[in-house]
Amino acid sequence: MNVPTRRFAELLLEQLIEHALYQLLKLRYSRNALKRYRTVWQHFAAFCRDAGQVGGYSEEMATRFIERYQATRSERLTAQTGWRRHVNFGVLVLGTFAREGRVDRPVVYTVQLHIPQSMKKPLSDFEQFCRERLHLRPTSLKERMRTIAVFLNYLGANGITALDQLQPDQVTSFVISRGPRGPRSASRGTPDLRSFLRYLLQRQIVHRDLTQVLPTIRVPMDGTIPSVWDPELVRKLLKVIDRTSPRGKRDYAILLLASRLGLRSGDIRTLKLDDLQWDTATIEIRQSKTGGPLCLPMSEEIGEALIDYLKAGRPQAPHREVFLRARLPFTPIGANSRLHHVVSEWRQRAGIEFRTPQRCGLHSLRHTLATRLLQGETPLHVISDILGHTTTASTMIYAKADVESLRAAALDPEEVCHG
């Protein structure tokens with residue numbers, strides 16, 4: 001299956017797809033991921049044949065295919081059309097392979113990676129160093145180690161079996177391979193990689209400072225505009241929830257915590273029974289992102305929803321987390337879950353569509369609350385307290401959102417108690 005890079009662009013499209021799929025296997029992509037890419041590429045090949053386009057990969061045909069089949073965020077897809085969610089990135093990967101003869105793996109889980117044997121101990125030692133010397137929070141440590149594991153998997157897939165073989169061009173090619181995800185995604189991993197390379201130099205595993213070849217990727221805090229919901233759509237979402245079912249009771253309480261209090265998905269997921277202070281009608285947590293304390297009012301609406309779930313919806317289980325899986329096993333919701341499914345299912349049932357493409361996960365409800373508070377002329381420091389921001393600078397991003405159609409704040413800032 002070895003083909004010189006310069007010849008990939010000369011292959012017929014079907015041959016190119018065959019070689020690209022082989023590369024995915026080599027990089028140990030999961031069965032589901034292989035199926036997703038194969039399906040998109042087969043549809044692309046059929047699209048080219050139907051258009052009378054024969055030969056190799058065509059950027060023009062790729063653009064036309066994406067324009068024709070890429071799904072919008074609000075579009076409801078079936079099991080037969082679900083592949084359209086992956087059109088844009090699938091074609092992007094195939095195009096990169098046609099031009100450069102490589103497939104980059106930007107999204108993986110560490111357990112699926114193949115790390116060369118000689119690199120496993122340095123990886124383990126680095127993890128211990130980050131935990132004991134740098135005192136990284138568990139979530140930050142997990143993300144850092146995942147980035148480094150992806151890097152080591154990349155090296156192994158490209159024939160590097162030991163870290164003392166590492167060269168500057170291999171570091172830069174890895175950073176470039178993550179570029180298609182955009183500067184924000186690339187900027188998250190670069191500091192982690194810089195820390196690892198610095199560690200290797202300090203331990204004399206490598207003998208030159210490879211951090212010098214890493215780019216500085218700056219992403220302004222206000223570089224994106226938060227996605228917000230129209231207030232009527234939030235009401236429509238909450239109204240459609242089946243509050244007679246255990247899952248509906250759970251999801252209703254979760255969505256209230258996000259839309260009324262602006263809690264992050266991680267804080268909702270890890271919310272404990274002991275965090276519910278019924279005597280003072282407050283919710284008191286230590287935030288999973290910042291580690292700082294946060295105290296918010298438990299309104300009558302939220303309190304009734306929580307009681308309804310705890311008494312008539314929550315499975316009997318020894319776990320202290322408030323929210324559990326709705327199906328067996330009745331365990332706490334997974335640590336990697338962003339609770340997107342809680343929004344997406346009820347949004348589809350409500351038939352909610354947005355005027356323009358936007359993010360519509362649980363975090364967008366947090367954005368919506370912040371934007372409505374800002375429109376209601378709530379002071380920035382009060383909004384920061386409600387959202388658990390460490391500074392008002394983080395809150396300023398919401399000033400960029402289009403809020404003309406949004407109403408006054410859903411939460412009275414005078415009722416917020418400061419933890």
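**Rings and their surroundings**

Guide: Tyr199 counts as buried, at 5% relative accessibility; buried means under 20% relative accessible area, exposed over 50%, and partly exposed in between (1.4 Å probe, protein chains only). The model is predicted, so local features need pLDDT of at least 70 and side-chain atom pairs pLDDT 80 or more, while totals for chains, interfaces and linings use all residues. Residues are numbered from 1 along each chain as its sequence is written, and side-chain values use heavy atoms, without hydrogens or water.

Visitor: How many aromatic pairs does the structure hold?

Guide: A pair of aromatic rings is described by the distance of the centres and the angle of the planes. Rings of Phe, Tyr and Trp (its six-membered ring) pair if their centres lie within 6.5 Å; planes under 30 degrees apart are stacked, over 60 edge-to-face, the rest tilted. The structure holds 15 such pairs. One of them is Phe44 with Phe65, tilted, at 5.2 Å between centres and 50 degrees between planes. Phe44 lies in helix α3 (residues 31-50) and Phe65 in helix α4 (residues 59-69), so the pair ties together parts 21 residues apart in sequence. Helices are DSSP runs (H or I, at least four residues), numbered from the N terminus.

Visitor: Are Phe44 and Phe65 buried or exposed?

Guide: Phe44 is buried at 0% relative accessible area, and Phe65 is buried at 0% relative accessibility.

Visitor: Which rings join into a cluster?

Guide: Ring pairs link Phe44, Phe47, Tyr57, Phe65, Tyr69 and Trp83.

How values were computed:
Helix = DSSP H or I, 4+ residues; strand = E, 2+ residues; numbered from the N terminus.
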